[in-house]
Structure formats: C-alpha cells, structure tokens
Amino acid sequence: MAAHPTPSSGPGAAPVCYRHPDRPARITCTRCERRICPDCMNDASVGHQCPECVAEANRRVRTPRTVFGGRPTAAPYATWTFIGLMAAGYLLQTVNPNITGAFGMNALAAVFTGEWYRMITAAFLHGGLMHLFFNGFALYVVGRQLEAWLGHVRYVALWVLSALGGSAVTVLVTAVTVLATGTVEPQLSVGASGAVFGLFGAVLVLGRRLGLDTRFVLLLLAVNLVITFLPGLNIAWTAHVGGLLTGLVLGAGFGYLPRGGQGRPGSGSRSGTVHLLVAAGWALVVAAVVVASAVALFGAVGAA
C-alpha cells in the first residue's frame, strides 16, 4: 500500500499525528502507514491501526445472520414476552371478568363500534387455566425454535400477523353467516390459538425447507385440526384456520425467498427487504379481507 505523506511542522521536524498535527507520533498505522498518536492507536492483530482504517474494516465485516436472514438471538426474548403477556391477560381476567367481554374477539363489535383492537387483544386472553396452559406450552415448544431460525423481528411479525389472520377469518365467516342466514348473533372468542397455529404452519414449512423430519409436527397439526372441528367443544375454528394459513404463507415467504446459493435459504442483504415485502403484502391481504367483510356486514344489516 502506498504511504501517505506525514504531516510535520517543518523540515527535519519530528513526525506528528495525521489527525492531531500538534502531537508527536512515533507509531504508524499498519494498514495505511500514516503516523498516529497514542489517542488514535487501536490494537490490531499486528501493530496498531488508525480510527479510519478500523471503521473501514468494520464496514466490510458482514453482520452475522441466521439461516433465514434474521439476526442471531441470544435468547427467545419475544417468546417469553408473549407468554408473559398471555399470563398477565389471564390474571386480569381473573381479577376483573369483564375484561373478557371488553377485549375478546367479537366481529360485530369490531365492525359496528370500531373496536378493532379486539383482533389482537383477544390473543392475550383465555377461556380457562387449561386453555392458557396448552397455548403457552405450544408457544414455548415451537416458538423458541422459530425465533432462533428467524430472529426476533421476523418471528414477532409471524406471531402478530397469525393472530390477526385468525381474527380476519372470524370477521369473514361472521359476514358470510349473516348474509346466508340473516341472523345477527354476536360470538365471543379468546385465545392465542390463531398465533400458535401460525407457528405450527411456519415450523412445518421451514423445517421441510431445511430438510428436517417434520412428521411429528405434521401429526401434531393434524390432531389439533381434528380436535378443532369436533362437535360440542365450542372451539373458534376460524382463528385456527386463519392463523394456520398465515403461518404457511409467511413460512414459505421467509423460507424460499430470496433463493440462496445452491438452493439453500437466502441469508444475504436482500432477505430483509424481501421478507418485509412478504409480511407487508400479507398484512394488506388480511386488511382487505376485513374491509370487504365489514362492508358486507354493513350492507346485510342495513338491508335487514
């Protein structure tokens, strides 16, 4: 590398730091060979480097990424947060039972009174201790692995959009029921099942993308779907179906886009942009379903 001219105070003067011309410098940067004072010295594997060379080297170092392009996680903080919020929601229900009716998923209340927050707050409420335990345990088992694969941001997007996707299908089916029967009967549902089914769908797709044996996940999902549609259990199947569909779509988007080298998952700089577009695109689909269902409900009730 060509040497840079070293600042000096005059002919025959002692060399000075190129960043601090008033300070003498006896050490040269091992990369650019410019003189540096003690304040500008950064330890390197051999000798010392100046701040500019250190900054340039840092820019060239790639940020570590997970196999699907997320930032590596030290611990499943998002999973613990969701479980904590679910437990807090159940405690609030225990203290004040009116919480359930005020924040549970009620499609008619969301549409006609503008209480759209119900679409997400319902995911943190539960119908009993066993309901909370099942969803919390499923989230603990599946969520930690997904968070490690995806990183915090993609994982949170998957969880939230799966919960919203379940609520969107609930609004859609409510609109179809009102149009078909002319009967307006409010239905209340609670639980993180939509989000959990979204995680099941995503881990199934991503596991297959990695070449893992996903038969156990497939069997577990099949059993839960059968239980969902058993008569007499009063399970909100719409949330399960909407969450599962969201998990399958986002899992495919995160796992297969963009294509990585030799058919492996992409983890380059493009992944963040592409995955953001995938999540935003699905969010628009969910919003479109809700808006169309709301318009249909207004029309059906107005006609009645």
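1. The largest share of the lining of the largest pocket, 9 residues, comes from helix H7. Helices (H or I, at least four residues) and strands (E, at least two) are DSSP runs, numbered from the N terminus. The model is predicted, so local features need pLDDT of at least 70 and side-chain atom pairs count only at pLDDT 80 or more, while totals for chains, interfaces and linings use all residues. Residues are numbered from 1 along each chain as its sequence is written, and side-chain values use heavy atoms, with hydrogens and water left out.

2. Confidence. The protein chain has a mean pLDDT of 88, and 90% of its residues reach 70 or more; pLDDT is the predictor's confidence in each residue, from 0 to 100.

3. The volume of the largest pocket is about 1100 Å³. A pocket is an open set of points on a 1 Å grid over the protein atoms alone, where a 1.4 Å probe fits, with protein on both sides within 12 Å along at least five of seven lines; lining residues have an atom within 4 Å of a point. Grid points are joined across faces, edges and corners, and the volume is the space filled by probe spheres set on the points.

4. Pocket lining. The lining has 45 residues, of which Ser189, Asn234, Ile235, Ala236 and Trp237 lie nearest the centre of the pocket. Elements that each supply at least two lining residues include strand S5 (105-106), helix H4 (107-112), helix H7 (152-181), strand S6 (188-189) and helix H10 (237-256). By type, the lining divides into 23 nonpolar, 21 polar and 1 charged. Here Ala, Val, Leu, Ile, Met, Phe, Trp, Tyr, Cys and Pro count as nonpolar, Asp, Glu, Lys and Arg as charged, and the others, Gly among them, as polar.

5. Serine 189. This residue lies in strand S6 and counts as buried at 17% relative accessibility. Buried means under 20% relative accessible area, exposed over 50%, and partly exposed in between (1.4 Å probe, protein chains only). Not counting residues up to four places away in sequence, serine 189 touches Gly104, Met105, Ala122 and Ala236; contact means heavy atoms within 4.5 Å. Serine 189 and isoleucine 27 are 162 residues apart in sequence and 71 Å apart in space, C-alpha to C-alpha.

6. Cores. The largest nonpolar core has 53 residues, and those with the most contacts inside it are Leu139, Leu146, Tyr155, Trp159 and Leu199. Elements that each supply at least two residues of this core include helix H2 (77-95), H6, H7, H8 and helix H11 (270-303). Apart from it lies another core, of 10 residues, among them Tyr18, Ala25, Cys29 and Cys53. A nonpolar core is a set of buried Ala, Val, Leu, Ile, Met, Phe, Trp, Tyr and Cys residues joined through side-chain atoms within 4.5 Å.

7. Beyond four places in sequence, leucine 139 is in contact with Thr79, Phe82, Ile83, Met86, Arg144, Tyr155, Trp159 and Leu199. Leucine 199 is found in helix H8 and is buried, with a relative accessible area of 1%. Leaving aside neighbours within four places in sequence, the contacts of leucine 199 are Leu139, Val142, Gly143, Leu146, Tyr155, Leu158 and Trp159.

8. Leucine 108. Helix H4 holds leucine 108, which counts as buried at 9% relative accessibility. With neighbours within four places in sequence left aside, leucine 108 is in contact with Thr113, Thr174, Val184, Glu185, Pro186 and Leu297. Leucine 108 and alanine 294 are 186 residues apart in sequence and 8.8 Å apart in space, C-alpha to C-alpha.

9. Isoleucine 120 lies in helix H5 and is partly exposed, at 24% relative accessibility. Leaving aside neighbours within four places in sequence, isoleucine 120 is in contact with Val160, Ala163 and Leu164. Serine 167, in helix H7, is buried at 6% relative accessible area and touches Met105 and Met119, not counting residues up to four places away in sequence.

10. Backbone points to check. Most residues other than glycine have a negative phi, and most peptide bonds are trans. The peptide bond from leucine 257 to proline 258 is cis, with omega near -15°; proline 258 lies in the loop between H10 and H11. Glutamate 33 has a positive phi, near 65°. Glutamate 33 sits in the loop between strand S1 (27-28) and strand S2 (35-36) and counts as partly exposed at 36% relative accessibility.
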